[in-house]
Amino acid sequence: MAGTTAPSPAGVPTNVTQGSQTKGGIGESTLRPDGTLKVTGEFAYSSDMWHEDMLWGQTLRSTVAHAEIVSIDTSEALAMAGVYAVLTYDDLPAEVKNYGLEIQDTPVLAHGKVRHHGEPVALVAADHPETARRAAAKIKIEYKELPLITDEASATAPDAVLVHEGRDDHHIGHVPHPNIVHRQPIIRGDADEAAKKADVIVKGEYTFGMQDQAFLGPESGLAVPGEDGGVDLYVATQWLHSDLKQIAPVLGLPEEKVRMTLSGVGGAFGGREDISMQIHACLLALRTGKPVKIVYNRFESFFGHVHRHPAKLYYEHGATKDGKLTHMKCKIVLDGGAYASASPAVVGNASSLSVGPYVVDDVDIEAIALYTNNPPCGAMRGFGAVQACFAYEAQMDKLADKLGLDRVEFRQLNAMEQGTIMPTGQPVDSPAPVAEILRRVKSRPLPPERQWEVADGDADVRELPGGLSNTTHGEGVVRGVGYAVGIKNVGFSEGFDDYSTAKVRIEVINGEPVATVHTAMAEVGQGGVTVHAQIARTELGVQQVTIHPADTQVGSAGSTSASRQTYVTGGAVKNSCELVREKVLEIGRRKFGSYHPAWATAELLLEGGKVVTDGGEVLTTIAEVLEDEAVEIEAEWRHRPTDAFDLVTGQGNGHVQYSFAAHRAVVEVDTELGLVKVIELSCAQDVGKALNPLSVVGQIQGGTTQGLGVAVMEEIIVDPKTAKVRNPSFTDYLIPTILDTPTIPVDVLELADDHAPYGLRGIGEAPTLSSTPAVLAAIRNATGLELNKTPVRPEHLTGTS
Amino acid sequence: MDFLRPASWEEALAAKAEHPTAVPIAGGTDVMVEINFDHRRPEYLLDLNRIGDLSEWEVGEKTVRLGASVSYTKIMENLRTELPGLALASHTVASPQIRNRGGVGGNLGTASPAGDAHPALLSSGCEVEVESVRGVRMIPIDDFYVGVKRNAMEPDELIRAVHLPKADGPQQFSKVGTRNAMVIAVCAFGIALHPETRTVRTGIGSAAPTPVRAREAEDFLTAALEEGGFWESGAPIPPSVAKQFAQLASGACNPIDDVRGSAKYRRHAVGIMARRTLGWTWESYRGNERSAQCA
Amino acid sequence: MRVNFTVNGREQQADDVWEGESLLYVLRERMGLPGSKNACEQGECGSCTVRLDGVPVCSCLVAAGQVEGRDVVTVEGLADYAKQRAEHGGCGTGACGTSLDAAKQWEARPADSQTGEGTQLSPIQQAFIDAGAVQCGFCTPGLLVAADELLERNSEPSDADIREALSGNLCRCTGYEKILDAVRLAAAREGEAV
């Protein structure tokens, strides 16, 4: 070509695509940008915040679950030396006194009554945490206890006390009782008619316990009053802008006067989707004029956030002799506790995903969430879908057994695939390799038997159920194997305007092009910041990327939940990078277009800090194009819109994408003592495209382990008589240790979803679904017991409940 | 709150005499939890860390004198031969970090039925050396636990050491928790064979208001072993004997239902652990007998 | 009360310490060393693990008054501690570690974009980054102190050894697989270096 400045090097393909030659771009296991700070102890988590002259905030919480507040006396607390403020409901500064994710039903401080054990009633600010604790203990509250609503029967009894009187939210019109937050039926086909074709029918009743997110960094943050009457808040959250929308009105401040910055987040898993100490710290800071830090301890943390909804699930499935599902009927009752939180969305997921990843044309489904006086429940990894998966996978095993079919083959026979119509009438329009992921976990060789045997017939107790506690040297130990598969929706569904915002800047620093990515995405450990840098490298052909701290000075990124951030904020970063790239090329064309025809005719890319043609020809450098100029674009990006589900039939294109994982669990059970050791928990999952394979595997292993936890040990125990939490500590709420966690081999499939950026699939939640039922299935396989409740306790395995 | 830091045992006794409500703190693994969680605000904390000899032990001809603050880690690492039951129990205590700090004195001072050391202490038949400015007392372990989280000590006394007979036969310890590590006992069982006296001693944790021995089970087994000439023959224990022993151990429990486990389960599990630990100790005894005969 | 002790090789002094304060609180709130984490404050999670006279302990369960005159190493001093160990088998000289002034100048700022590049890391710290053992990172400091101590006394640990040594440290993000990888990696690298 005439005028070519340099011939294309031999071997370069003619159609170079953007990012294909980038180092550290998508598809590589680049390392976390915050890794060094996290291993040196310098990474500033919300509980590490410190400010000259700061005070400590303390929350006084209700000691009873449901009661009228007869009186509150704060005088003694206020009189204590070192105490700067004591606040109750009467001190709230604005008209708005409630907050809530979807329904603003949660009082900032209890007003007139408390609805659950541990509800915040008063606040103290003092110069030392011990002073604040002592002062809080001196606040006198007189309660008059009210009848308790603790389950479906008490909630919907004709004379039931209403947990919330005078409801005016948008669900009250379609629920059968004011103690029901939301109800979502799904009717498709004719389940009763289809049941007549069934050769076998299996009915089951299942109970799912209340799980806690148990993130390791308790709720905490620092509020610093500003000179303008506003406040700066440093906090660990999953969604800065959602917090902001709830915080500003109760402070009586415009949103721009509440400046939020994300501090280090010690895990989240849904537990930071709701407000915890945010408003309380701001109120105290504004009242005292001093910075206020609040840090929950582990005990308070159990009251400081919502939990996973416990559930009762009633299922009926039918199948023909040749193993085809005929119909499914179910009712799923989720206990939402005292406040709505994310209950409506949990209901939507539970009902729309209640069939699981299977083809069933005739269904009759109902899911409800209750208002009770139990602890509020809301978002936790996989919500709604987790509970349903536990039940439908137990049903699948029972059906297969009844038909005399192999459990995995029976699932494969009914597995959904691309093109399957969901119970909601929505077609599955991207790959759904359900049968394939099952095949993969099944084909993996089984771990050798009796791995605990060492020389001389001795046993390494660390490899046995009971571990170091030395309960068995092999006696009573039986192996079991179980399988499960699940389906989770990705992103916010049901017509929610699910978008994210990214501000991307490119400029030349010391002769090198540097990109800066600024979003409000909450990095909670998932590695979103790693992926953003990779996307910027891929899309802008630069090496150096700076991740700007997340704050509210940029548009909303939406929540770090629903497996959505890599999809949605990743999509926003990609989109903004593309817009920036176009702008850079435009500047290039303006400056250099007349020197080389390729500027006008070729597809131009940014690679290795240079402007190149898709034939690989270098035109110039980004530095030369930009010189002193910077290009910065902030843009919103949204995925395909979704629709609400019809309130009567449940029909509607409610979801944007699905995520599928399958597990095989191998367990060894001490059948006499009822102790379980999971030996291996292998997973196969379709991730669409692994933007960072190392992080993908880390997410899958972490999600798998949380599923294991709720299979064998994790449960918040609420006393049915008092509705009080009985085990709010890490001594009695147990999460898996490294000795409880088996090897977790992961098989990653990458079948692109053409609707999503890079073909990726949200991955965070799916592994949490199938892990639990796989472990349960394996324990059933080892013991021959039915086990319809999770977590399984030693009592259940030994008949000693 | 006041923090007392005696530099010697005598100073500690004087401080405890002057402030009988002072709470001794050594490893801190019980006391600090209560302080961190605002369950307790003692007037005085009495730090025992500076008293070096509390962390030392002496192996004598017949007994081991174990300082109250000798860490569980040290017991595991150094006293496995002399005190096998306690070494096994020590290994089940919480986590490595806790085992590095906690010692038997803390378990005895707290006297919680869930303390991991108790079954081993009971089955060994040890004595607790407590002292005040008034003098030293040796309290037999059988008399030490007097109620729920109450022991036989006077307010001015401190635990100085535990005197444990060196094992004269196999010992075992087993503990049920709902996790494979770092777990508080749902219930626990300790057993020690004493071939020299041809007796068997046991200890049960977390299955009664206090740590207890399964005395009927011990008596039954001691008699059965004697009558059957098992000590001499080293013959396998008949399943019927093991079963009866397990049932009697179960029967010695007086447990409650709580968040960690049901009473019914505790009874059941103690029986299983009794049967299994008896099997392990007896196999070990038989093995030793056989190798002794061969030699 | 006043407490004097050595942290990461430097003499430190804390004044006006409340008698019920833990070593963890003093490190975090008085010494400007928030690397040790406050996840449970009951010895169940190991996030606050430090070396006390060389022994790994939960700093939340050590009363501040108990560390008078003793020697503490936190995650902030781990790189220096490991370096000293590699060079001359210990850090008794007081020459290593963070200076008092440097420690007191520490102030938690909102996470900035600094990545800490160029920081000297111990082998176990580097291995945690490389193996993907860090997600939210809250358990990381405690795990690093515990894992470093394991490798100090056992340079070729088996998987069961690793699991046992780290059984007092809870992690909620990773499922522990990559933490095992990191310890194996650090051990292998150390083995190669010798």
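UniProt positions are given here in the numbering used for this structure, feature names are shortened, and annotations may be inferred rather than shown by experiment. With that in mind, the unreviewed UniProt entry annotates residues 40-147 of chain A as "domain: Aldehyde oxidase/xanthine dehydrogenase a/b hammerhead". The structure is a predicted model, in which local features need pLDDT of at least 70, side-chain atom pairs count only at pLDDT 80 or more, and totals for chains, interfaces and linings use all residues. Residues are numbered from 1 along each chain as its sequence is written, while chains are lettered from A and ligands numbered from 1 in the order in which they are written.

Helices (H or I, at least four residues) and strands (E, at least two) are DSSP runs, numbered from the N terminus. On this basis the annotated span 40-147 of chain A is 13% helix and 35% strand, and its end C-alpha atoms lie 52 Å apart. A separate assignment, with bounds from an automatic or database source, divides chain A into domain 1 (46-146 + 219-295), domain 2 (427-489 + 655-798) and domain 3 (499-638). The centres of domain 1 and domain 2 of chain A, taken over C-alpha atoms, are separated by 38 Å. Two residues are in contact if their C-beta atoms, placed from the backbone, lie within 7 Å. Five residues of domain 1 of chain A are in contact with four residues of domain 2 of chain A.

Strands E6, E2 and E8 of chain A form an open sheet in the order E6-E2-E8, with antiparallel pairing. Two strands count as paired if DSSP finds at least two bridges between them. Strand E6 (113-114) and strand E8 (140-145) of chain A are the edge strands, each pairing on one side only. Strand E2 (residues 67-73) of chain A is joined to E8(A) over six bridges, and Ile69(A) stands opposite Tyr143(A) in E8(A).

A residue is buried if 20 or more other C-beta atoms lie within 10 Å of its own, exposed if 12 or fewer, and partly exposed in between, with C-beta atoms placed from the backbone. A nonpolar core is a set of buried Ala, Val, Leu, Ile, Met, Phe, Trp, Tyr and Cys residues joined through C-beta atoms within 7 Å. The largest such core has 408 residues, and those with the most contacts inside it are Cys282(A), Ala536(A), Val667(A) and Val775(A). Helix H10 (residues 385-403) of chain A provides the largest share of this core, 11 residues. Beyond four places away in sequence, Cys282(A) touches residues including Ala223(A), Val231(A) and Leu251(A).

Lys312(A) lies in strand E16 (residues 311-319) of chain A. Lys312(A) is partly exposed because 19 other C-beta atoms lie within 10 Å. Leaving aside residues up to four places away in sequence, Lys312(A) touches Thr207(A) and Val333(A).

Chain C contains seven helices and five strands, arranged along the sequence as β-β-α-β-β-β-α-α-α-α-α-α. Of its 194 residues, 62% count as buried.

The contact between chain A and chain C takes 61 residues from chain A and 54 residues from chain C. On the side of chain A that touches chain C, helix H1 (35-40), strand E23 (544-547) and helix H17 (693-712) each supply at least two residues. H17(A) gives the most, with seven residues.
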